[in-house]
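Here are my notes for someone opening this entry for the first time. Keep the viewer beside you and take the points in order.

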2 protein chains.
Amino acid sequence: MTNNDRLTEEKIFDAATEVFEEKGLAGARMQNIADRAGINKALLHYYYRTKDHLFEAVFTALAKKIFSRFTPIFDKDMSLEDKIRFFFREHISFLQRNPRLPGFILNEVNHNPERINKLLSQIDFKDLWQTILEQHKDELKNYNVNEENLPQLITSIISLSVFPFAARGIFETVLGKMGHDFDQYIEERKDFASEFVIRSIRKEH
Amino acid sequence: MTNNDRLTEEKIFDAATEVFEEKGLAGARMQNIADRAGINKALLHYYYRTKDHLFEAVFTALAKKIFSRFTPIFDKDMSLEDKIRFFFREHISFLQRNPRLPGFILNEVNHNPERINKLLSQIDFKDLWQTILEQHKDELKNYNVNEENLPQLITSIISLSVFPFAARGIFETVLGKMGHDFDQYIEERKDFASEFVIRSIRKEH
DNA sequence: GTCTATAGAAGGATAGAC
DNA sequence: GTCTATCCTTCTATAGAC
């Protein structure tokens, strides 16, 4: 593979990423991708054979990108509260740099639920969740966190972090009408969400 | 308009709703809609002229449906805590009956952000939010709720309620691997989310 | 109001020259 | 490896009979 090959293939991949994120699989046009990559349609097929192949490549890469952001948290040597703060700060910062990612993944999964299964099956969630319970075993007596409610808690944390980006189009408008700026709202969210969750799981004593 | 007219138009609208919710605007096929309505393609155009007209009708109706569910809460004569419990119970129950609604709206708004603006401009959010602060003025000294953090709080409540449905394809798989059932998870969420939020906003004393 | 048949446009994919 | 030209399928939309 020559240097030029890699450059072209990369240009195509980047252009395809943009177009698929904006329009989705069904709404994307090969012509549009070619234009944005500064090449012609035929070359797309030379490198990726079909639209579906190209989409598959983009989707897999982006899905890995977003899911790989969830897992490293679990290994960190921190208190439970610091881990929550760390997660929101890191994860929301990641989404600030990739604001269209959540909507793209959710949309394509809704339209084709099987697509994500192969990727999800490579992650051992059971092990991940047990790790949390083990790591913070001693702390947990001070918190409303147990094996029973862990699914509700974790999905709540994800919701608080991801949803504003998935619903960005609506949030931006509504916040705007209240005199708030979406970007600043997101910036403030890093701290707000952390403290929101922590206050909720702390046991009063 | 004869009775038959209305029946056919309604059949088309219902079929279109299903197909658009499943595939989105770009992925939907007029043939598919006609088949599901038990009629032929030409009749679709007789009633709705173009695909875009038909989509517009469906989208507007569904968007109104989901947004009209947010507002009535504010007028209820209840304590702040009861209002939060009432919201999660009612809203999640509504989404249980319309599980594809959130994903559909979010997706189409992402692909065409202007589409929702006309609808949102009909709602006076400023008035709504002021109403909350007014109604619970006396209570608020006991809660971490003020004009400053109201946007963060309200968007958090929406996130906790809506996101599991928007991300259903992923949640269903992940929860399944942990031995949990999505439907039961949602049922439990009504109470969990309420108490999660209430614990978080209560001032310790 | 509903159907069959078909026009006409758009978009994915390929052939073949360079 | 990259381009132009074109094929061919798919899909929206309409014409016209009943």
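In which helix of chain A is Phe86(A) found? Start there: Phe86(A) is in helix H5 of chain A, which covers residues 80–97. Bear in mind throughout that this is a predicted model.

1. **Around Phe86(A).** With a relative accessible area of 16%, Phe86(A) is buried. If you skip the neighbours within four places in sequence, Phe86(A) is in contact with Ile73(A), Lys76(A) and Met78(A). Take Ile73(A) as an example: Ile73(A) and Phe86(A) sit 13 residues apart in sequence, and their C-alpha atoms are 8.0 Å apart in space.

2. Now switch to chain B and look for Arg85(B) and Glu81(B), whose side chains meet in a salt bridge at 3.4 Å, N to O. Both residues lie in helix H5 of chain B, 4 residues apart, or about one turn of the helix. Over in chain A, salt bridges with shared partners join Glu81(A), Asp82(A), Arg85(A), Glu195(A) and Arg202(A) into one network.

3. **Salt bridges that span the sequence.** Over all chains, the structure holds 21 salt bridges. One of them pairs Arg36(B) with Glu18(B), with the closest N and O atoms 2.9 Å apart. Arg36(B) belongs to helix H2 (residues 30–37) of chain B and Glu18(B) to helix H1 of chain B, so this pair ties together parts that are 18 residues apart in sequence. Both ends are partly exposed: Arg36(B) has 36% relative accessibility, and Glu18(B) has a relative accessible area of 41%.

4. **A longer link.** Have a look at Glu56(B) and Arg115(B) as well, where the side chains meet in a salt bridge of 3.1 Å, N to O. This pair links distant parts of the chain, 59 residues apart: Glu56(B) is in helix H4 (residues 51–67) of chain B, and Arg115(B) is in the loop between H6 and H7 of chain B. Glu56(B) is partly exposed at 30% relative accessibility, whereas Arg115(B) is buried, with a relative accessible area of 18%.

5. **How the two chains are related.** Rotate chain B by 180 degrees, with 0.0 Å of shift along the axis, and chain B superposes on chain A with an RMSD of 0.1 Å. The two copies are thus related as by a two-fold rotation axis. To find that axis in chain B, go to Ser200(B): its C-alpha is the nearest one in that chain, 2.1 Å away from the axis. The same surface serves both copies, as 98% of the contact residues of chain B recur in chain A.

6. **The interface in numbers.** Chain B brings 56 residues to the contact and chain A brings 55. About 4,900 Å² is buried between the chains, and carbon and sulfur atoms give 66% of that area. On the chain B side, Gln152(B), Phe163(B) and Met178(B) lose the most area to chain A, together 14% of what that side buries. How many salt bridges does the rule find across the interface of chain B and chain A? The count there is 0, but 21 residue pairs are in polar contact across the interface.

7. **Who supplies the contact.** Several helices of chain B each supply at least two residues of the side touching chain A, among them H1 (3–27), H9 (150–166) and H11 (182–201). H9(B) gives the most, with 12 residues. By type, the residues on that side of chain B divide into 29 nonpolar, 18 polar and 9 charged.

8. Asn110(A) is worth a click: it lies in helix H6 (residues 101–111) of chain A and counts as buried, at 19% relative accessibility. Leaving aside neighbours within four places in sequence, Asn110(A) is in contact with Arg100(B), Gly103(B), Ala166(B) and Gly169(B). In chain B, 10 of the 11 residues of H6(B) are buried, so that helix is largely enclosed by the rest of the structure. The buried residues of H6(B) include Phe104(B), Glu108(B) and Asn110(B).

Methods:
Residues numbered from 1 in each chain as written. Chains lettered and ligands numbered in written order. Predicted model: local features only at pLDDT ≥ 70, side-chain atom pairs only at ≥ 80, totals over all residues. Heavy atoms only, no water. Least-squares fit on C-alpha atoms with pLDDT ≥ 70 in both. Contact = heavy atoms within 4.5 Å. Buried area = accessible area lost by both parts, 1.4 Å probe. Salt bridge = Lys/Arg side-chain N within 4 Å of Asp/Glu carboxyl O. Polar contact = N/O pair within 3.5 Å; in protein donor to acceptor, adjacent residues only side chain to side chain. Nonpolar A, V, L, I, M, F, W, Y, C, P; charged D, E, K, R; others polar. Buried < 20%, exposed > 50% of the residue type's maximum accessible area, 1.4 Å probe, protein only.
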